[in-house]
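Please open the model beside the sequence and read these points with both in view. Each point takes up one part of the fold.

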Amino acid sequence: MAIMINTDSPPRSAIKTSLAPAAIGPYSQGVLVGSTLYCSGQIAIDPKTGHLIDCGVVGQTERVLENLGAVLSAAGMDYKHVVSCTLYMVDMSDYAQVNEVYARYFSETPPGRAAVAVASLPRGALIEISCVAVR
């Protein structure tokens with residue numbers, strides 16, 4: 001019995017928007033493959049100034065989720081399309097505060113999620129969030 005492997009890759013395109021911070025390395029804000037969007041991790045950079053906002057974990061979480069929302073929107077999606085998120089946090093004692101903000105963005109059928117403690121994040125950020133969304 002022969003096994004047939006489909007070697008055709010679905011079309012893939014980079015998502016880019018000025019409403020989210022420009023990539024600070026060799027990556028895209030998001031990559032759309034078929035109907036699935038892979039959003040790169042966002043930190044609390046203000047897209048207008050290019051600087052990390054310094055307003056504690058609550059403000060940073062809000063900015064991060066607004067940045068992700070801009071990337072989702074550029075791909076014709078929104079938070080309801082998100083199926084998975086990964087949170088990277090410098091301090092796990094911020095977990096409850098992050099959850100309060102997060103719940104405002106993902107109130108209906110929240111996506112799957114992992115929260116990971118890390119030693120540090122780029123530019124001294126307190127939180128970074130990446131996600132996967134499906135149309």
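1. The expected span of a helix is 1.5 Å times one less than its number of residues. Keep that rule in mind for helix H1. H1 has 19 residues. From its first C-alpha to its last, H1 reaches 27 Å, close to the 27 Å expected. Remember throughout that this is a predicted model.

2. Now look at what H1 (56-74) hides. Its buried residues are Val57, Gly59, Gln60, Thr61, Val64, Leu65, Asn67, Leu68, Gly69, Ala70, Val71 and Leu72. The cover over these residues includes strands S1, S2, S3, S4 and S6, as well as helix H2. An α-helix has 3.6 residues a turn, so residues three or four places apart point the same way. Just after H1 comes glycine 76, with a positive phi of about 75°.

3. Pick out asparagine 67 in helix H1. Is asparagine 67 buried or exposed? Its relative accessibility is 0%, so asparagine 67 counts as buried. Setting aside residues up to four places away in sequence, asparagine 67 touches Leu19, Ala20, Pro21, Gln42, Ile43, Ala44, Ile45 and Pro47.

4. Threonine 17 sits in the loop between strand S1 (12-15) and strand S2 (30-33). With a relative accessible area of 14%, threonine 17 is buried. Beyond neighbours within four places in sequence, its contacts are Gln29, Ala70, Val71 and Ala74. Ala70 and Val71 are themselves among the buried residues of H1.

5. Next, the largest nonpolar core. It holds 29 residues. Which of them touch the most other members? They are Leu37, Leu72, Cys85 and Ile129. Strand S3 (36-42), H1, strand S4 (82-89), H2 and S6 each supply at least two residues of this core. H1 gives the largest share, seven residues.

6. At 2% relative accessibility, cysteine 85 counts as buried. Leaving out neighbours within four places in sequence, cysteine 85 is in contact with Tyr102, Phe106, Pro111, Gly112, Arg113, Ala114, Ile129, Ser130 and Cys131.

7. The cut-off is 2.5 Å between two cysteine sulfur atoms. For cysteine 85, the closest cysteine sulfur is in cysteine 131, and it is 5.0 Å away, so the pair is too far apart for a bond. For cysteine 131, the closest cysteine sulfur is in cysteine 39, at 3.7 Å, which is also too far for a bond. Cysteine 131 counts as buried, at 4% relative accessibility.

8. Turn to strand S6 (127-134). Valine 132 lies in S6. Is valine 132 buried or partly exposed? Its relative accessibility is 23%, so valine 132 counts as partly exposed. The cut-off for buried is under 20%. Not counting residues up to four places away in sequence, valine 132 touches Thr36, Leu37, Tyr38, His81, Val82, Val83 and Ser84. Valine 132 and threonine 86 are 46 residues apart in sequence, and their C-alpha atoms are 9.1 Å apart in space.

9. Check two backbone angles. Most residues other than glycine have a negative phi. Threonine 109 has a positive phi, near 45°. Threonine 109 lies in the loop between helix H2 (95-105) and strand S5 (112-117). This threonine 109 is exposed, with a relative accessible area of 73%. Arginine 123 has a positive phi too, near 60°. Its place is in the loop between S5 and S6. Arginine 123 is partly exposed, with a relative accessible area of 46%.

10. Last, the largest pocket. Its volume is about 160 Å³. Which of its 13 lining residues are the closest to its centre? They are Ile24, Tyr27, Gly41, Gln42 and Ile43. S3 gives the most to the lining, with three residues. Gln42 and Ile43 are also among the residues that asparagine 67 touches.

How values were computed. Residues numbered from 1 in each chain as written. Predicted model: local features only at pLDDT ≥ 70, side-chain atom pairs only at ≥ 80, totals over all residues. Heavy atoms only, no water. Buried < 20%, exposed > 50% of the residue type's maximum accessible area, 1.4 Å probe, protein only. Helix = DSSP H or I, 4+ residues; strand = E, 2+ residues; numbered from the N terminus. Core = buried A, V, L, I, M, F, W, Y, C linked by side-chain atoms within 4.5 Å. Contact = heavy atoms within 4.5 Å. 1 Å grid on protein atoms, 1.4 Å probe; cavity = no way out; pocket = protein on both sides within 12 Å on 5 of 7 lines; lining within 4 Å. Points joined across faces, edges and corners; volume = space filled by probe spheres on them.
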